[in-house]
Amino acid sequence: MTFLSHLGRLRIAGLIEGISFVVLLFIAMPLKYMAGRPEYVKVIGMAHGILFIFYVLFLIRAAAAHGWGLWRMFVLFLSTLVPFGTFAADYWILAREKAEAV
């Protein structure tokens with residue numbers, strides 16, 4: 001797998017999006033409510049939203065390139081809604097990719 005492949009881009013987008021989600025939930029949100037610093041949620045929330053859109057676009061491209069069905073796309077999309085979900089999805093994508101390469 002190269003990072004220029006559809007799966008490579010999807011994995012990178014998923015990891016970065018997952019990190020932004022974790023930072024938003026576990027750093028920015030507590031700072032907003034415990035320290036009265038809402039500006040962190042604005043900045044990190046905007047970055048997370050943009051990364052989420054990129055993830056969905058890369059998911060659509062990878063699904064089209066690899067002939068994935070709606071179920072796999074749905075599961076990978078749902079992974080973005082759960083904290084640490086994209087990390088589990090990354091493992092799942094990598095495992096599927098290795099199995100398909102053999």
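How many helices and strands does the protein have? The protein has four helices and zero strands, where helices (H or I, at least four residues) and strands (E, at least two) are DSSP runs numbered from the N terminus. This is a predicted model, in which local features need pLDDT of at least 70 and side-chain atom pairs count only at pLDDT 80 or more, while totals for chains, interfaces and linings use all residues. Residues are numbered from 1 along each chain as its sequence is written, and side-chain values use heavy atoms, with hydrogens and water left out.

**Overall form**
- Along the sequence, the pattern reads α-α-α-α.
- A box of roughly 50 × 25 × 20 Å, taken along the principal axes, is filled by the C-alpha atoms.
- Of the 102 residues, 30% are buried (under 20% relative accessible area, with a 1.4 Å probe and protein chains only).

**Packing of α2 and α3**
- Helix α2 (residues 39-66) packs with helix α3 (residues 70-79) at an angle of about 165 degrees, their axes being 11 Å apart; axes are lines fitted to C-alpha atoms, for helices over the stretch in contact, and angles run from 0 to 180 degrees between N-to-C directions.
- The two helices are therefore roughly antiparallel, a term for angles over 145 degrees.
- The contact (heavy atoms within 4.5 Å) involves F52, Y55, V56, L59, I60 and A63 of α2 together with M73, L76, F77 and S79 of α3.

**Residue A88**
- A88 belongs to helix α4 (residues 85-101).
- With a relative accessible area of 48%, A88 is partly exposed, the class between 20% and 50%.
- The C-alpha atoms of A88 and L4 are separated by 21 Å, and these residues lie 84 residues apart along the chain.

Conventions:
Angles under 35 degrees count as roughly parallel, over 145 as roughly antiparallel, 65 to 115 as roughly perpendicular and the rest as oblique.
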